[in-house]
Amino acid sequence: MHTADALVADVMQKPAATFDDHKQELEGQWSRGEQANTEDLRLAPRHYRSFFNRLLVT
């Protein structure tokens with residue numbers, strides 16, 4: 001049972017880390033007063049929706 005729990009935790013952590021990295025990158029641009037790439041801003045909601053859909057499907 002422990003091995004299955006560890007596998008599930010690992011699978012969940014990878015998309016969460018990717019999501020967090022992307023979010024921090026955008027927030028870093030904003031906090032430095034940089035203009036965020038409009039294409040990145042346009043795609044961000046799609047990435048978030050995809051992330052949450054993957055969580056719900058699995």
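Predicted model: local features only at pLDDT ≥ 70, side-chain atom pairs only at ≥ 80, totals over all residues.
Start by selecting residues 2-31, helix H1. At 1.5 Å a residue, its 30 residues should span 44 Å, and the end C-alpha atoms lie 41 Å apart, which agrees. Within H1, pick out Leu26, Gly28 and Gln29, which are buried. Then go to Gly33, which follows H1 and has a positive phi, near 80 degrees.

Next come the salt bridges, of which the whole structure holds three.

Select Asp10 and Lys14 for one of them; the closest N and O atoms are 3.7 Å apart. The two residues sit four apart in helix H1, so about one helical turn separates them. Asp10 is partly exposed at 35% relative accessible area, whereas Lys14 counts as exposed at 54%.

Lys23 is partly exposed at 33% relative accessibility, and Glu27 is partly exposed at 37%.

Finish on helix H2 with Arg42 and Glu39, which are three residues apart there and so about one helical turn from each other. Their salt bridge has its closest N and O atoms 2.7 Å apart. Arg42 counts as partly exposed at 43% relative accessibility, and Glu39 as partly exposed at 36%. An α-helix has 3.6 residues a turn, so residues three or four places apart point the same way.

Technical notes: Residues numbered from 1 in each chain as written. Heavy atoms only, no water. Expected span 1.5 Å × (residues − 1). Buried < 20%, exposed > 50% of the residue type's maximum accessible area, 1.4 Å probe, protein only. Salt bridge = Lys/Arg side-chain N within 4 Å of Asp/Glu carboxyl O.
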